[in-house]
Every structure is written in structure tokens, then in C-alpha cells.
Amino acid sequence: MSNLTRAHQELYRRSADERFASLRELREHCQRERQFSSDCWYLPQSLDPRSVEDRVTVRLGDDGEFLMNDWSFSQLCRLSGVTKGTLNRLSSDTASRALRETLPAADKPFQFLATGRTVRSMHGVAYTRLWNADLLDVVAEFASDFRPPQTAVEGATGLYCGEQDLFAFLIDPNGWAEINGEAFAPGFFVWNSEVGRRSLGIQTFWFQAICQNHIVWDAVEVVEFTRKHTANVRDGLQEIRRIVESLVAKRDARRDGFIRVLTKAMRETLGSDAEAVAKELARHGIPRNLGQEAIEVAREQGRFTIFALVAALTRLTQRTVYAGDRAEADAKVAGLLALAA
């Protein structure tokens, strides 16, 4: 088993305006960006960087004047062979003149993506764009039961889209199933960039716990696929569709078996009295004080069933301060369900 930190890293690098509350809201944003975006092609030597209101802009032939965001400005700097840090220390007038004088000559045009009057990216002919909206259409169609995990610190949901890339973290909160006697649920990360910042990709997994920092604990059956934005990038979209369909099919098959385990766990007891239950819990690594609290909770329900004790222990472990300790305790609790297998 492994701990996955990709969503955790995204959480702490995203600003508030890159966060979305729901998959529907994220899809609508990406659909609007695709609707109001267009490509145009120009030779690099025909570009005309200018200074307008203390900002460096670029004139694209007959298409007129365009602003640049941080990413497209960085690309223009690389195209010109001038470091971005150097230009940022100059006045906009001097910086635009330096760009004009250093732009290379080429025989093949560059592709410029503009949304409204802002250039978002510039690429050579080898780059092929895949829209974020197309990727999310596949996710929405074939993983309709999947949702963002619990809200993380500062209200982040795991759904992000900024000027450079998209990232989505989704799980099936009702997809718990048994794997080797322990409880796991399915989830996946998916990512893309319309402007060349990162590859197209997906990582699927089965997990036991997710902490508030969006670290995925004790993941198994981790599958990862990536594809560069070249001519066959849309084939990658079909592969992602196949991977998601496979995850969903495995979830359905395992969930049926897990439901049988839960039904049995609701009938069978862990012991005839509190003393016997305490010994059994201790034998499975449950701390004595935690076990006694769970026994009192289960006693109120009238029987010491495996299900009642697991439910009580799961609630009690949420009070554990440290995520690592909590994940370890949750894994031991989940292991009790194996007794009903």
C-alpha cells in the first residue's frame, strides 16, 4: 500500500480563484473557456510586442492587440531567448523593444490560443490541444457516481482550474468494497493543460482513508496513464475512458460482495459480553481505552455486532489529532470487517 500526495500538492499551490465547488461548476467554466477561445497562426518574426499602459502586449497581425497572462509571457520570453526575470526588471517599453529585437525568424508559423483579448499560450506545429471540457465530459459520463472528497483546509474541494492547467480529485463515497479482507473505496485524479503546462493524465486507485489535507492513505491497485499533447493526444482521451470504465466495473463487482459482508457483520457479534468483546478488540490491535468507549456505544444499541463496533470505532478515531495515527487506527478498524467475510 502507498500514500498518494498529488492532490495534497495541488491543494497548497492553488489560489482561491482556481478552486471550484462542484464538478458541474468546473465543467461550465471549462466549456465557457472553450467557447470563447480561438487559435490563430503567425510567424514569430511577424509578432509586434508593444508597451501599453505600462504592460507588455503583443500585436498579432490583422487580429490586433492582445494582452498576455503570466504563462504566455513566459513562453514569449523563451521564444525570444530572453529570461523572464530580466525583462521583469525593465520598464514595459524597454522590455517590449528587447522582445522585438530578439524574436527569431522561422519558416513555420506558431499557434496562438486567445480567450477574448488575452493570449493564453503559443506553440509550435507539433503541439495538439485537448480541451479541458472534453476531458470532463468523459469523466461526467463514465464516472457519474464520483464526487469530490471531503472539503479540505480553506474550503478547497479538490477541483481546480487556472490559467495553466486543470486538476480534479474524485471518489465514490458509496463504493466501499472488500479487498483482501479490508475495506477500500475507489477514486482517481485526472489532469490536463490546454496551454502546454502539463500532460494529459489519470491515476486511479482504491483507498482506505483521506485526510483533511487531501493525502490519500493506504492506496492499492494504483494505475497511472499519461499522454503528451502531440498528434495522437485524443487517443489518450479514449484510454482514459477505458480506465474509468474499468474502475467502475470493478467497483460494481466488488461492492456486491462487500454488501454481503456488511449484511453478515450486522448479524454476527464479536462476543457474548463486554469482557469477551474487549479481548477480541485487543487481539486485533485496538487500544484498550478506544475499545472500551466503542463497547459502551455499541451497548446502547443492544448488541455487540461487528458492524456496530466498527461504526463506533470509526467515529471515535476521528478525534485523533495526527493524520498518520488516525489512518493507522482506521486501517485496524476496517480490518475487523474481515471477521464477517
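The legends below describe close-up views of a predicted model.

This is a predicted model in which local features need pLDDT of at least 70 and side-chain atom pairs count only at pLDDT 80 or more, while totals for chains, interfaces and linings use all residues. Residues are numbered from 1 along each chain as its sequence is written, and side-chain values use heavy atoms, with hydrogens and water left out.

**View 1. The six-stranded sheet.**
Six strands form an open sheet with mixed pairing, in the order S2-S6-S7-S5-S4-S3. Strands (E, at least two residues) and helices (H or I, at least four) are DSSP runs, numbered from the N terminus. Two strands pair if DSSP finds at least two bridges between them. Strand S2 (37-42) and strand S3 (48-52) stand at the edges; each has a single partner strand, so one side of each lacks a neighbour in the sheet. Neighbouring strands are turned by 45 degrees against each other on average, direction ignored. Axes here are lines fitted to C-alpha atoms, for helices over the stretch in contact, and angles run from 0 to 180 degrees between N-to-C directions. Strand S5 (residues 65-68) and strand S7 (residues 118-123) are parallel and share two bridges. Met 68 has Val 119 of S7 as its bridge partner.

**View 2. Two hairpins in the sheet.**
S3 and S4 pair antiparallel over five bridges. Val 52 is bridged to Arg 55 in S4. Two residues lie between the strands of this hairpin, where Glu 53 takes a positive phi near 50 degrees. S4 also runs antiparallel to S5, joined by two bridges. Here Val 58 has Phe 66 in S5 as its bridge partner. The S4 and S5 hairpin has five residues between its strands, and Gly 61 in the turn has a positive phi of about 50 degrees.

**View 3. Helix H5 and its buried side.**
Which residues of H5 are buried? They are Ser 92, Ala 95, Ser 96 and Leu 99. Buried means under 20% relative accessible area, exposed over 50%, and partly exposed in between (1.4 Å probe, protein chains only). These four cover an arc of only 95 degrees around the axis, which puts them on the same side of H5. The arc is that of the directions from the helix axis to the C-beta atoms. They pack against S3, S4, helix H3 (70-80) and helix H4 (84-88). Contact means heavy atoms within 4.5 Å.

**View 4. Strand S12, enclosed on both sides.**
Eight of the eight residues of strand S12 (residues 200-207) are buried, so the strand is largely enclosed by the rest of the structure. In a regular strand the side chains alternate between the two faces of the sheet. Leu 200, Ile 202, Thr 204 and Trp 206 point one way from S12, and Gly 201, Gln 203, Phe 205 and Phe 207 the other way. Strand S11 (residues 182-192) pairs antiparallel with S12 over seven bridges. Phe 189 is bridged to Gln 203 in S12. Strand S14 (residues 216-227) is also antiparallel to S12, with six bridges. Gly 201 has Thr 226 in S14 as its bridge partner.

**View 5. The nonpolar cores.**
The largest nonpolar core has 35 residues, and Leu 26, Phe 188 and Ile 202 have the most contacts inside it. Helix H7 (residues 233-267) gives the most to this core, with seven residues. Apart from this core lies another, of 21 residues, among them Tyr 42, Leu 79, Leu 103 and Val 119. A nonpolar core is a set of buried Ala, Val, Leu, Ile, Met, Phe, Trp, Tyr and Cys residues joined through side-chain atoms within 4.5 Å. Leaving aside neighbours within four places in sequence, Leu 26 is in contact with Phe 20, Leu 136, Leu 159, Tyr 160, Cys 161 and Leu 166.

**View 6. Helix H1 and its two faces.**
Ala 7, Glu 10 and Leu 11 are buried in helix H1 (residues 6-13). They cover an arc of only 105 degrees around the axis, which puts them on the same side of H1. The face turned away from that side carries exposed Gln 9 and Tyr 12. The cover over the buried residues of H1 includes strand S8 (159-161), strand S9 (166-171) and S11.
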